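Visitor: Hi, could you walk me through this one? I'd like to start with a single residue and then zoom out.
Guide: Happy to, here it is.

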Amino acid sequence: MLLQLRNAYNGDWVPDWNDPEQPKHAILMLEDEAVCDVVFHVRHPLVFKSPELQKKFILYPEIREYIMKAAPLL
């Protein structure tokens, strides 16, 4: 479900993991908290094309609930 939602938010954008200069705006788990960060080389399933989309995604209550349920996989 999270990956489908991520794709809907990102539209046609796909991260280029071969481009070390392209920022990817990720939602990561830090201890028991979901946080926003920028990654360049580390592949992560919840990456977005902009910080605005990243923040909008993480702040949506139902999506945040999905993130917390999936935390052990992230």
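Visitor: Which helix is Asn10 found in?
Guide: Asn10 is in helix α1, residues 2-10; helices are DSSP runs of H or I of at least four residues, strands are E runs of at least two, and both are numbered from the N terminus. Two notes before we go on: this is a predicted model, where local features need pLDDT of at least 70, side-chain atom pairs count only at pLDDT 80 or more, and totals for chains, interfaces and linings use all residues. Residues are numbered from 1 along each chain as its sequence is written, and side-chain values use heavy atoms, with hydrogens and water left out.

Visitor: Is Asn10 buried or exposed?
Guide: Asn10 is buried, at 2% relative accessible area (buried is under 20%, exposed over 50%, partly exposed in between, with a 1.4 Å probe and protein chains only).

Visitor: And what does the side chain of Asn10 reach?
Guide: The backbone oxygen of Val47, at 2.9 Å. Setting aside residues up to four places away in sequence, Asn10 touches Val47, Phe48, Lys49 and Leu53, where contact means heavy atoms within 4.5 Å.

Visitor: Switching topic, where is Glu31 found?
Guide: Glu31 sits in the loop between β1 (24-30) and β2 (33-39). Glu31 is not a glycine, yet has a positive phi of about 60°. Most residues other than glycine have a negative phi. Glu31 also counts as exposed, with 76% relative accessibility.

Visitor: What about Ala34, which strand is that in?
Guide: Ala34 is in strand β2 and is buried, with a relative accessible area of 6%. Beyond its neighbours within four places in sequence, Ala34 is in contact with Ile27, Leu28, Met29, Ile58, Arg64, Ile67 and Met68.

Visitor: How far apart are Ala34 and Arg64?
Guide: They are 30 residues apart in sequence and 8.2 Å apart in space, C-alpha to C-alpha.

Visitor: Zooming out, what pattern does the protein follow along the sequence?
Guide: The order is α-β-β-β-α-α. The radius of gyration is 12 Å, close to the 11 Å from the globule rule for 74 residues, so the protein is as compact as a globular protein of that length; the radius is taken over C-alpha atoms, and the rule is 2.2 Å times the number of residues to the power 0.38.

Visitor: Nice. How much of the protein is buried?
Guide: Buried residues make up 36% of the 74 residues. As for extent, the C-alpha trace spans about 30 × 25 × 20 Å along its principal axes.

Terms used. A polar contact is a pair of N or O atoms within 3.5 Å; within protein, one must be able to donate a hydrogen and the other to accept it, and residues adjacent in sequence count only if both atoms are side-chain atoms.
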